[in-house]
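Here is a short briefing on strand pairing and helix packing. Keep the structure open while reading.

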Amino acid sequence: MRPSPVTVTGAGLAGSLLGIFLARRGFAATLYERRPDMRRERVSAGRSINLALADRGIHALRQAGVIEAVQPLMIPMRGRMIHDPEGNTTLLPYGQNEREVIYSVSRAELNKLLMSEFEQRADSSIHFRHNCRGLDTTRRILKLLDEASSRAYEVRASPVIATDGASSAVRADLVRAEISRATEELLPHQYKELAIPPGPDGTHLLDANALHIWPRGGFMLIALANIDGSFTVTLFLPATGYESFASLTDASSVETFFARRFPDAFSLIPELTQDFFANPTGNMVTVHCAPWHAGGDALLLGDAAHAIVPFHGQGMNCAFEDCVVFDELLDEHDDWETLFAEFERRRRPDAEAIARMALENYVEMRDSVRNPRFQLQKTLSLELERRFPQHFIPRYSMVMFHHEIGYARALERGHVQQGILDQLTETAYEMNQVDLALAARLVHTSLEPLR
Ligand SMILES: Cc1cc2nc3c(=O)[nH]c(=O)nc-3n(C[C@H](O)[C@H](O)[C@H](O)COP(=O)(O)OP(=O)(O)OC[C@H]3O[C@@H](n4cnc5c(N)ncnc54)[C@H](O)[C@@H]3O)c2cc1C
């Protein structure tokens with residue numbers, strides 16, 4: 001594709017990275033971002049304070065030439081640290097070795113870095129506090145509001161790439177124009193962010209190199225380390241019912257709930273009740289939308305096209321992978337309409353697969369991790385990978401550590417693998433009771449070699 005001007009709505013994680021990819025190829029990219037510039041003003045980066053970055057995201061940052069700059073922000077997490085109700089902990093490793101880890105990163109710092117990397121390139125600019133109010137596809141007009149002057153205005157723009165997140169204004173207009181259809185499935189659970197401050201001398205009060213989980217069946221608490229020695233803690237809880245956000249109405253009900261359900265975490269969160277009532281309660285949504293593009297005039301990318309619930313830690317990773325695929329397609333196509341259609345054809349099955357796996361992972365994190373059979377199956381799946389690396393890679397590892405295996409393929413193979421694990425652990429309670437000869441037969445007859 002020959003470089004030409006491109007308009008992008010939203011300079012969040014996907015928009016900024018996409019901007020870098022475009023600018024590297026000489027496209028003049030203009031980004032419109034609703035928020036003020038986080039690098040100059042103290043503003044919330046929105047949503048989670050830190051996130052898990054995994055192989056797909058790292059691959060994208062490498063392809064964009066920014067991974068070295070991001071590395072200082074990355075704290076490795078080698079497994080899940082499970083906290084039981086008595087305060088005992090067990091580490092369930094994520095992968096086979098120190099390469100198979102995921103990383104905690106600050107959303108704000110990552111976003112700021114990507115915006116700066118984008119702006120360093122010629123012909124690139126971000127208009128902050130410019131709110132996109134929608135897209136008129138018949139006139140090819142982007143509708144904007146300059147928040148500083150309260151001036152509403154319009155710009156001629158084609159193509160527009162919408163990376164304006166889960167509540168995309170561009171998607172809303174594509175639906176209004178009956179170009180796309182979209183559904184937003186709201187999870188009946190919500191989340192709240194809290195904090196464990198640094199210990200003396202800025203040390204972490206829990207193991208920084210693990211993702212901490214307090215699984216309690218119907219709900220859970222998690223904690224990810226930050227570089228300053230603190231942890232961001234997130235409570236995931238039903239919106240209504242017994243033990244829900246609706247039931248935690250005052251300081252005493254919050255303290256009683258935490259002391260009873262998460263006693264070890266309770267003692268580490270000094271500002272619990274202040275933060276609980278000051279911080280917003282967030283909703284989580286899965287967005288299904290089709291098509292993702294209006295001819296060659298507009299394309300939805302990242303959460304705007306396919307927001308997912310956060311339980312696999314993949315929303316950003318998936319959005320970054322979108323940018324890599326988009327960049328590859330710039331080599332293959334000369335017109336936007338074909339490129340957008342091909343982008344959707346390549347990405348939709350993967351986006352649908354990770355949406356499903358993200359929902360499944362909520363049950364795994366808050367409940368299954370406590371189950372001895374589940375733990376045996378996790379150990380067994382790592383053993384099967386060691387024995388049969390050409391055939392068997394645990395589904396979690398395919399998603400988190402193997403960008404060369406698409407999400408849809410991981411879902412499909414994961415399904416077959418789960419059947420094998422179920423069969424092998426039907427009567428086995430410990431690893432030494434597993435019939436490994438049967439395992440070899442099942443793996444070789446049911447699974448095509450991967451590489
Ligand atoms: C609690 C929680 C935890 C998560 N944890 C993880 C994790 O561990 N790992 C992971 O990979 N993903 C995680 N995610 C998902 C991740 O946050 C998203 O998938 C990712 O941010 C998507 O990037 P995006 O750029 O598409 O959207 P966003 O990051 O939402 O960016 C959208 C941008 O558009 C701007 N914008 C919105 N509307 C307009 C408008 N009308 N005009 C102009 N600009 C606009 C916004 O201000 C924002 O800057 C988590 C999500 C949540 C809610």
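**Strand pairing in a predicted model**

Leu53 stands opposite Tyr103 in S7. The model is predicted. That pair belongs to the contact between S3 and strand S7 (residues 102-106), where four bridges form. S3 and S7 run antiparallel.

**The three-stranded sheet**

- The sheet is open and has three strands.
- Its strand order is S3-S7-S4, and the pairing is antiparallel.
- Strand S3 (50-53) and strand S4 (75-77) are the edge strands. Each of these two pairs on one side only.
- From one strand to the next, the twist averages 35°.

**The helix on the sheet**

- Helix H4 (residues 107-119) packs on this sheet.
- H4 touches S3 and S7.
- The direction of H4 makes about 80° with that of S7.

**Pairings of strand S13**

- Strand S13 (residues 181-196) pairs with strand S17 (residues 281-290) through nine bridges. S13 and S17 run antiparallel.
- Within this pairing, Glu184 stands opposite Val287 in S17.
- S13 is also joined to strand S16 (residues 231-238), by eight bridges. S13 and S16 run antiparallel.
- Gln190 has Leu237 of S16 as its bridge partner.

**Background**

- Strands of a sheet pair through backbone hydrogen bonds, in either a parallel or an antiparallel way.

How values were computed
Residues numbered from 1 in each chain as written. Predicted model: local features only at pLDDT ≥ 70, side-chain atom pairs only at ≥ 80, totals over all residues. Heavy atoms only, no water. Pairing = 2+ DSSP bridges. Axes fitted to C-alpha atoms, helices over the stretch in contact; angles between N-to-C directions. Contact = heavy atoms within 4.5 Å.
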